[in-house]
Structures are given as structure tokens and as C-alpha cells.
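Here is a short briefing for a first look. Take the sequence and the model together, then read on by topic.

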Amino acid sequence: RLVRCESPSSDLAALAHSAGRVQEVARPLIGAEPDVVDVDGRTHLLWRLGPEPARVLLLGHHDTVWPLGSLESHPFVVDGDTLRGPGCFDMKAGLVMALHALSVVGDIRALTLLVTGDEELGSPSSRPLIETAAQGCEAVLVMEPSGVGGALKRQRKGVSRYEVRVQGRAAHAGLEPETGVNAAVELAHQILAVGSISDAAQGTTVTPTVAAAGDSVNTVPAQATLAVDSRAWTEVEQNRVHEAMFALAPWLDGARVAVTGGPNRPPMEAHSSASLFAHARQHARALGLEEPSAIAVGGASDGNFTAGMGVPTLDGLGAVGGGAHADDEHVLVDELANRTAVLASLIADLTGSQLDLGRHR
């Protein structure tokens with residue numbers, strides 16, 4: 001029902017419809033209605049479960065990268081142990097797991113469930129909601145899909161985004177190019193300078209991505225722009241990159257270079273998840289299940305925000321499968337129930353609630 005309700009991040013009407021579908025699926029499972037939060041036309045859902053201030057934040061999103069009409073070429077199907085469909089792995093199945101886990105945890109006294117609608121865009125409208133919901137919590141559990149083989153995501157790189165703007169001086173490319181200041185040539189120097197900020201030993205990447213210069217083929221370009229994506233494991237490295245980006249200087253006489261941007265998400269460092277990861281393994285062991293492994297990934301999630309606040313955060317608790325954002329996106333059906341049982345057990349422990357795995361069929 002969730003996968004067949006397409007919800008591209010860029011379509012506000014589709015997101016509103018998707019939020020309604022999430023509420024429909026959630027209603028019989030958790031027996032509570034959410035606050036529907038509209039921020040800049042984007043629909044987010046917030047459930048406050050229990051009479052006490054939340055000690056645990058369960059975090060997910062209902063938007064996907066798939067455009068409307070994707071079901072025509074990527075229909076929802078279940079073939080044996082494999083479930084397919086746009087957004088099934090990232091992260092409609094994770095939402096289903098969260099709802100079913102809550103359905104077997106009784107007498108929840110202090111938990112917030114937040115389902116946002118713009119995570120795939122970098123959470124521009126939901127970040128304040130996420131950080132407010134996480135304030136005062138003892139744990140954040142993120143329902144993003146697992147790593148390879150069901151690994152939990154203990155560490156994520158922080159993300160920074162920049163734009164480098166070059167101002168040169170136009171001139172006729174045939175008559176007097178020497179009187180101009182070529183912004184494209186200056187940009188080429190800046191691309192090399194940006195790439196040199198990377199540090200492979202530290203795992204820090206600073207990657208020039210989208211570049212553009214000029215507006216006619218017979219004119220020395222007067223302007224050029226460059227987008228830069230940077231990823232770092234630690235706040236120290238993220239800060240170093242930030243300083244280096246703003247220290248960029250022009251190479252050509254007469255050129256000007258301006259840099260804008262900065263950190264988008266702080267790193268989720270390993271210490272943020274250490275205790276929760278140990279708890280998750282203990283609960284798997286107590287249920288007679290295989291203990292999950294850990295993985296560090298370069299991609300970011302909303303868990304980066306909460307870890308950056310100093311709140312213990314464990315990510316990758318969602319579905320096992322693969323192919324996120326790709327044609328092969330899929331979920332392994334046989335992994336869903338056991339993984340959800342571990343999640344439910346962890347929630348019950350963290351909230352001081354009762355767990356009854358027999359309550360739900």
C-alpha cells in the first residue's frame with residue numbers, strides 16, 4: 001500500500017497523498033493519530049506516544065527519489081523472497097517495520113515517531129522538526145535501510161555543499177581574447193585546487209561536480225560556477241575542509257573568486273552509536289537471532305543531525321535488501337519479521353515498556 005502510493009520529494013500533492021496513506025496504514029497498528037505538520041507545503045507526520053516527555057525518537061521518511069509514473073516501469077511485485085518497487089528499500093519497508101514494531105510494544109510512555117517528507121532533498125524543511133523532537137531524548141533509532149547483509153549503520157560521513165563563483169572579464173574570442181579574463185580557465189584552476197583539499201588517508205572527499213562557464217561560443221567567458229560535494233568522517237575534518245574552501249584564491253590576474261555554502265549534515269561519528277549498537281546485538285542474541293554487524297557509510301541521513309546534537313543515534317535499522325535509488329531496488333521478505341522483532345525489543349527496553357510479540361500475527 002505504501003510503495004504503490006508514489007511520493008517523489010519534489011511533488012507536494014503526491015507527498016500530501018502519501019502522508020495520508022501512511023496515516024491509514026498506521027492507524028490500526030498504533031491506535032493513535034499524528035500531528036500533521038505542513039512546512040512550506042511539505043507534509044510531515046509526528047506521533048507523540050505516551051504521557052511522558054519522549055526518551056526515544058523513531059525516525060523515518062516517506063518521500064522517495066522516484067518520479068511519478070515509476071510504477072509503470074518498476075511495478076510493486078513479490079517474487080519469492082524478493083519484494084520490488086520504487087522506494088521499497090529506501091524506505092517504505094522501514095516505515096512498515098517501525099509501525100509493526102510499535103504494535104507489539106505495550107504501554108509506551110515516552111516515544112516520538114517522526115516521518116518526514118523531504119529527507120531525499122537534504123531535509124530543508126524538516127530539520128528543525130527533527131532537532132526539536134530529538135531534544136532531551138536518550139536514543140534515536142533511524143529506519144533507513146540496512147547496509148550490506150543487514151549491517152547496522154554505526155557511522156556516517158558528514159556532508160558539506162559549496163558553490164564556487166568565478167568572475168572574469170568578457171572579450172571577443174577572435175578579435176582580442178587577450179583583453180579578457182577567462183573565467184573558464186580560472187575555473188579549471190579552481191577545480192584542481194578544490195580536488196587537492198581531499199585527504200584519502202582521513203577518508204575525506206572534496207569532489208567538484210556540476211560546472212558551467214560562459215554563454216556564447218565566441219566570447220571569453222566572464223562568469224563560471226562550480227558545485228562541490230564534500231564528505232568527512234569527523235567534525236575536525238569537516239571544519240578543515242570548510243576553512244580551505246573559503247581560502248580559495250584566484251590564479252589569473254583580474255579574476256575574482258567567491259565561495260558560498262558549508263556543512264549540510266554533521267558527521268555521525270562511531271561513538272554516537274556504540275551503546276545502542278551493543279544493545280541491538282544483545283536483543284538479537286536474546287531472541288535467538290543472528291547478531292547484526294556494523295558498517296560505516298559515506299551517505300548521510302537525518303541521523304547525522306541527531307548525532308551532531310550529541311544524542312545517541314543508531315541508523316540502518318530498516319529493511320535488508322539493496323539497490324536504493326536504482327533499478328534493482330529490492331527488499332528481502334524473509335528478513336522483515338526477525339528484524340522487526342529486534343527493533344520492537346530494543347524499543348521496549350529503551351522506553352521501559354512491555355513487549356508482547358504474540359500480540360501481532
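Ala, Val, Leu, Ile, Met, Phe, Trp, Tyr, Cys and Pro count as nonpolar, Asp, Glu, Lys and Arg as charged, and the others, Gly among them, as polar. This is a predicted model: local features need pLDDT of at least 70, side-chain atom pairs count only at pLDDT 80 or more, and totals for chains, interfaces and linings use all residues. Residues are numbered from 1 along each chain as its sequence is written, and side-chain values use heavy atoms, with hydrogens and water left out.

**Overall build**
- The protein has 9 helices and 20 strands (DSSP runs, numbered from the N terminus: helices are H or I of at least four residues, strands E of at least two).
- Its C-alpha atoms fill a box of roughly 80 × 45 × 35 Å along the principal axes.
- Of the 361 residues, 49% are buried (under 20% relative accessible area, with a 1.4 Å probe and protein chains only).
- Contacts are heavy atoms within 4.5 Å. Among those between residues at least 6 apart in sequence, 78% join residues at least 24 apart.

**Cysteines**
- The structure holds 0 disulfides (pairs of cysteine sulfur atoms within 2.5 Å).
- C88 is in no disulfide, and the nearest cysteine sulfur, that of C5, is 15 Å away.
- C88 is buried, at a relative accessible area of 0%.
- C137 is also buried, at 9%.

**Largest cavity**
- V3, C5, E6, S7, T64, W66, P86 and K92 line the largest cavity.
- By class, that lining has 4 nonpolar, 2 polar and 2 charged residues.
- A cavity is a set of points, on a 1 Å grid over the protein atoms alone, where a 1.4 Å probe fits but cannot get out; lining residues have an atom within 4 Å of a point.

Technical notes
Buried means under 20% relative accessible area, exposed over 50%, partly exposed in between (1.4 Å probe, protein chains only). On a 1 Å grid over the protein atoms alone, a cavity is a set of points where a 1.4 Å probe fits but cannot get out, and a pocket is an open set with protein on both sides within 12 Å along at least five of seven lines; lining residues have an atom within 4 Å of a point.
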